[in-house]
Amino acid sequence: MFGMGKKDKDAEKEEAEKRKIEATMVSIDSAFEHLRHLAEAGNTERSEAAAKRIVESLKNQKLPGPYAKDRRNAIDAFLLHAYMKATALACKGAIDAGKADDAEKRSAMIKRARESLSGAVKYKAPPDFKKQCERLLEVATLSGGVKAKGPTKAKPLDTAPKTKDRAKTFVPDETLAKEEKRPEIPQKLQV
């Protein structure tokens, strides 16, 4: 009699522990989806914070080993994607700022791109990605500041009046016929 009650309590305890582990796995999976969206947006700060929370949840020893290992590898992949996306967006922003001759914004975007690139390298970005980003940053550095705003010594302000282009004006045939009445050439003289 006494032994049967203990087995029932152990079974209930194990069942409660299984439900708790499953609930933890469900919460980790939902946080994982949130991390996926943050990585797609290229938001590195929030991605890092979300990844840190997930890693803390994965430290539970009762979680299945393959599940925890798979999630840790996927977290690193998502963080790599977030840093690569942030680097690409910052490089594009730097080039656009260079085209618009906004030197302050260009330098801020170049700084952000270099920080994101170092984060991507930390998470093992491919070497060709690093080369490509360095080229884009070089293009951004060299872009802008070429065309001067307003007149310069080489191209002063043109104040001369514009001449009317008479060679390309269109005159309808009817007005030409009225203005010029050409004498007709007799048929005998035509060849």
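This report walks through the helices, contacts and surface of one protein model.

## Model and overall fold

This is a predicted model; local features need pLDDT of at least 70, side-chain atom pairs count only at pLDDT 80 or more, and totals for chains, interfaces and linings use all residues. Residues are numbered from 1 along each chain as its sequence is written, and side-chain values use heavy atoms, with hydrogens and water left out.

The protein has six helices and zero strands. Its pattern along the sequence is α-α-α-α-α-α. Helices (H or I, at least four residues) and strands (E, at least two) are DSSP runs, numbered from the N terminus.

Of the 191 residues, 26% are buried. Buried means under 20% relative accessible area, exposed means over 50%, and partly exposed lies in between (1.4 Å probe, protein chains only). The areas come from the Shrake-Rupley method with a 1.4 Å probe; for residues, only the protein chains shown count as cover.

## Aromatic pairs and a buried leucine

The structure holds two aromatic pairs. One of them joins Tyr83 and Tyr123, which are stacked at 5.8 Å centre to centre with 25° between the planes. Tyr83 lies in helix H3 (residues 65-99) and Tyr123 in the loop between helix H4 (103-122) and helix H5 (127-142), so the pair ties together parts 40 residues apart in sequence. Tyr83 is buried at 12% relative accessible area. Tyr123 is buried too, at 17%. For such pairs, rings of Phe, Tyr and Trp (its six-membered ring) must have centres within 6.5 Å; planes under 30 degrees apart count as stacked, over 60 as edge-to-face and the rest as tilted.

Leu137 sits in helix H5. Leu137 is buried, with a relative accessible area of 0%. Leu137 and Ala94 are 43 residues apart in sequence, yet 7.6 Å apart in space, C-alpha to C-alpha.

## Salt bridges

Side chains of opposite charge can pair when their charged atoms come close. A salt bridge here is a side-chain nitrogen of Lys or Arg within 4 Å of a carboxyl oxygen of Asp or Glu. The count comes to eight salt bridges.

Arg36 and Glu33 form one of them, at 3.0 Å from N to O. Both lie in helix H1, three residues apart, about one turn of the helix. Glu134 and Arg114 form another, with the closest N and O atoms 3.5 Å apart. This pair links distant parts of the chain: Glu134 is in helix H5 and Arg114 in helix H4, 20 residues apart. Glu134 is partly exposed at 32%, and Arg114 is partly exposed at 40%.

Asp158 and Lys162 also pair, their closest N and O atoms being 3.5 Å apart. Salt bridges that share partners join Asp29, Asp70 and Arg71 into one network.

## Loops with positive phi

Most residues other than glycine have a negative phi. Asp101 has a positive phi near 60°. Asp101 is in the loop between H3 and H4, and is partly exposed at 30%. Lys124 has a positive phi of about 70°. Lys124 is in the loop between H4 and H5, and is exposed at 71%.

## A negative patch

Asp8, Asp10, Glu12, Glu14, Glu15 and Glu22 gather in a surface patch of negative charge. Glu14 lies in helix H1 (residues 2-41). Glu14 is exposed at 52%.

Patches are made of residues with over 30% relative accessible area and no salt bridge; like charges are joined within 9 Å, and nonpolar side chains (Val, Leu, Ile, Met, Phe, Trp, Tyr) within 5 Å. Lys and Arg count as positive and Asp and Glu as negative; His and the chain ends are not counted. The place of a charge is NZ of Lys, CZ of Arg, CG of Asp or CD of Glu.
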